[in-house]
Amino acid sequence: MPRTKRPKTGTTELSTGEATVASLLAHGMDTVYALPGVHNDHLFDAFQRAGDRLRVVHSRHEQGAAYMALGAALATGRPQTYAVVPGPGLLNSSAALLTAYGMNAPVLALIGQIPAGAIGKAQGHLHEIRDQAGILARLVDHSAMIDGPEEASAKVAKAIRALANGRPGPAALECAIDVWGKRAKVALSEPLPVRPPRIDEDDLRAAAKLLGKAKRVLIVVGGGALDASPEVTLLSDLLQAPVLAYRRGRGVLDSRNPLSVTLPLGHELWAEADTVLAVGTRLFTGIQQWGSDRSLKIVRVDADRHAPLYTPNVALTGDAAPILRRLIDVLPRYNERRASRRDELLGRQAKLTQRLQKIAPQVAFLKAIRRELPEDGIYVDEVTQIGFAARLALPVYKPRTFLSPGFQDNLGWGYATALGAQHARPDVPVLSINGDGGFLYTANELATAVRHRIPLVAVVFADGAFGNVRRIQEEQYGNRLIACDLANPDFVKYAESFGAVGRSARTPDQLAKALRESFAAREPTLIEVPVGPFPSPWEFIHMPPVRGRRAGS
Ligand SMILES: Cc1ncc(C[n+]2csc(CCOP(=O)(O)OP(=O)(O)O)c2C)c(N)n1
Ligand SMILES: [Mg+2]
């Protein structure tokens, strides 16, 4: 492991907080999403003293700060930071940290602590929590305590490297209330190099051979493929392989390419495939739901060597883009020119479009959204009826323009995540879609949108229910309804009471018009769409096994 380079003696006198801020800035991290409190006062003073070099975006709840950092990380692909107080502050942010972990998102959490000498003594200090370090160590792969100004910079550098090293993901640093303000002459560490693993040439050839001789390749892409869109596109063409994305990988292959498929066609193609090229995906749906057997060969490209669900025939470990570039170099030796599958896939896509008439009301709204959201606009998903349908039917043209919470699928992530995405990408419109259930998780952050002039446009589809839960109770529990009907605010007035723009739309055409006007106005906006119950999408999402053995069962 490379050691931190540092001058022999420290030359600048800084507080721990100031050294931390200087290191963030040295790593190009110029924004902190944050909610202050006494434990972090010295850190916030350092934020203040950084002046224009640092943007501090304060939220109204710690989950808002953490989701904003997550949204900014997902929209940009670059590391982002949030800072909160210990105990309740940390726990308030923890669902976002968990989601960042599940999504391998580069989010650095700066968490306060009680006085250093009191940690672990259960004396009842403000915001004390038992074994905060242990809690953090279970939430993220890299966590550490900053014990003084001299080591702050090195610890920040290590944590930031950990965001990208191996399987990427969040990291956390704690610092005690009486340590942030301590001063010393310190040496600032330089950013540490991230060393990608060497690409194993034997494995590469084995992968090329397997793919080259395969008759029907299916490429499956997840969040680990987001930075390998050109490579996946080329490989899809060379192999005439359809590319399946469910949530995270949408847009890696442009939906306008007929070989770009979502779950229902992926299910059919999984049954027919002899070889799967899995890029940056756990392959959960395929292996766990659709089944696998010996005749299915799997080439895995992943940042993580560990494949928990299956044993790949060939595993290539590291960043997808460089590995796939090498594969593209080697593949022609083993791969004949293939007959085009374009017409076949066009036909199958057309049939799927027919089948998706079953969820026509959702599809009509999605068409309106796609018409109005520019090609590089960012759609932020939610665990709601329009969201489930979007995963199947919203065309996505570019990676990082469809942000979906991955396997956590945690209700209520959307609005604050979208706010972070819009803050970090002011150059493109961001659209947050929500159900009325999920929206009220972070709707208070409308105040943040207004305070920081973040021109996010959000839509809330209001059916007066946790609709998904309600439909399951109707269909599978003899209509015995419990805990599913909601009392809603008037969403238009609610938005207006914050100083945001409130609009209302009832039909897809009205929504299109409201979106067009909102994207043009570029102001924090909430569009309420009153709706009734939607038809169930589940037959297109939970599909039966189509191959021999189901792994894990
Ligand atoms: C953190 C979390 N809590 C609970 C759930 C379970 N859940 C899934 S969908 C849903 C209801 C969603 O309601 P709403 O946002 O109004 O969307 P709708 O289904 O009505 O479109 C619930 C409670 C979840 N996915 N995540
Ligand atoms: Mg609802």
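**Figure 1. The donors of the magnesium ion (ligand 2) follow the spacing D-x26-D-x1-A along the chain.** This close-up comes from a predicted model. Three residues coordinate the ion at 2.1 Å: Asp436 (OD), Asp463 (OD) and Ala465 (O). The site joins distant parts of the chain, with Asp436 in helix α16 and Ala465 in the loop between β18 (457-462) and α18 (467-476). Asp436 and Ala465 are 29 residues apart. Is Asp436 buried or exposed? Its relative accessibility is 2%, so Asp436 counts as buried. Ala465 is buried as well, with a relative accessible area of 6%.

**Figure 2. Trp270 and Trp290 form an edge-to-face aromatic pair.** A search of the whole structure finds nine aromatic pairs. A pair of aromatic rings is described by the distance of the centres and the angle of the planes. For Trp270 and Trp290, the distance is 6.0 Å centre to centre, and the angle between the planes is 70 degrees. What does this pair tie together? Trp270 lies in helix α9 (residues 263-272) and Trp290 in helix α10 (residues 284-290), so the pair ties together parts 20 residues apart in sequence. Trp270 has 1% relative accessibility and therefore counts as buried. Trp290 is buried too, with a relative accessible area of 0%.

**Figure 3. Phe439 and Phe491 pair edge-to-face.** The ring centres of Phe439 and Phe491 are 6.0 Å apart. Their planes stand at 65 degrees, so the pair is edge-to-face. Phe439 belongs to helix α16 (residues 436-442), and Phe491 belongs to helix α19 (residues 491-498). The pair therefore ties together parts that are 52 residues apart in sequence. Are Phe439 and Phe491 buried or exposed? Both are buried.

**Figure 4. Rings meet other rings, and charges sit over rings.** Phe365, Phe461 and Phe534 are linked into a cluster by ring pairs. Elsewhere, the partner of a ring is a charge. Arg250 places its charged end over the ring of Phe402, 5.3 Å from the ring centre. The charged end of Arg256 sits over the ring of Tyr397, 3.8 Å from the centre of that ring.

**Figure 5. The largest nonpolar core has 90 residues.** In soluble globular proteins, nonpolar side chains tend to be buried together. Which residues of the largest core touch the most other members? They are Ile219, Val276 and Leu511. Helix α11 (residues 320-330) gives the largest share of this core, seven residues. Now look around Ile219. A second, separate core holds 52 residues, among them Ile378, Val428, Val430 and Ala443.

**Figure 6. Helix α1 (residues 16-26) is largely enclosed by the rest of the structure.** Why is α1 described as largely enclosed? Eight of its eleven residues are buried, so the rest of the structure largely encloses α1. The buried residues include Thr16, Gly17, Glu18 and Ala19. Thr20, Val21, Ser23 and Leu24 are buried too. Just after α1 comes Gly28, with a positive phi of about 80 degrees.

**Figure 7. Arg60 is found in the loop between β3 (55-58) and α3 (62-76).** Is Arg60 buried or exposed? Arg60 has 57% relative accessibility, so it counts as exposed. Arg60 still has contacts beyond its neighbours within four places in sequence: Leu35, Asn444, Glu445, Ala447 and Thr448. Arg60 and Ala34 are 26 residues apart in sequence, and their C-alpha atoms are 9.1 Å apart in space.

Figure 8. The C-alpha trace spans about 70 × 60 × 45 Å along its principal axes. Buried residues make up 57% of the 553 residues. Among contacts between residues at least 6 apart in sequence, 77% join residues at least 24 apart.

Methods: Residues are numbered from 1 along each chain as its sequence is written. Chains are lettered from A and ligands numbered from 1 in the order in which they are written. Side-chain values use heavy atoms; hydrogens and water are left out. Rings of Phe, Tyr and Trp (its six-membered ring) pair if their centres lie within 6.5 Å; planes under 30 degrees apart count as stacked, over 60 as edge-to-face and the rest as tilted. Helices (H or I, at least four residues) and strands (E, at least two) are DSSP runs, numbered from the N terminus. Buried means under 20% relative accessible area, exposed over 50%, partly exposed in between (1.4 Å probe, protein chains only). A charge sits over a ring if NZ of Lys or CZ of Arg is within 6 Å of the ring centre and within 35 degrees of the ring normal. Donors are N, O and S atoms within 2.8 Å of the metal (3.2 Å for Na, K and Ca); water is not among the atoms, so sites may look incomplete. A nonpolar core is a set of buried Ala, Val, Leu, Ile, Met, Phe, Trp, Tyr and Cys residues joined through side-chain atoms within 4.5 Å. Contact means heavy atoms within 4.5 Å.
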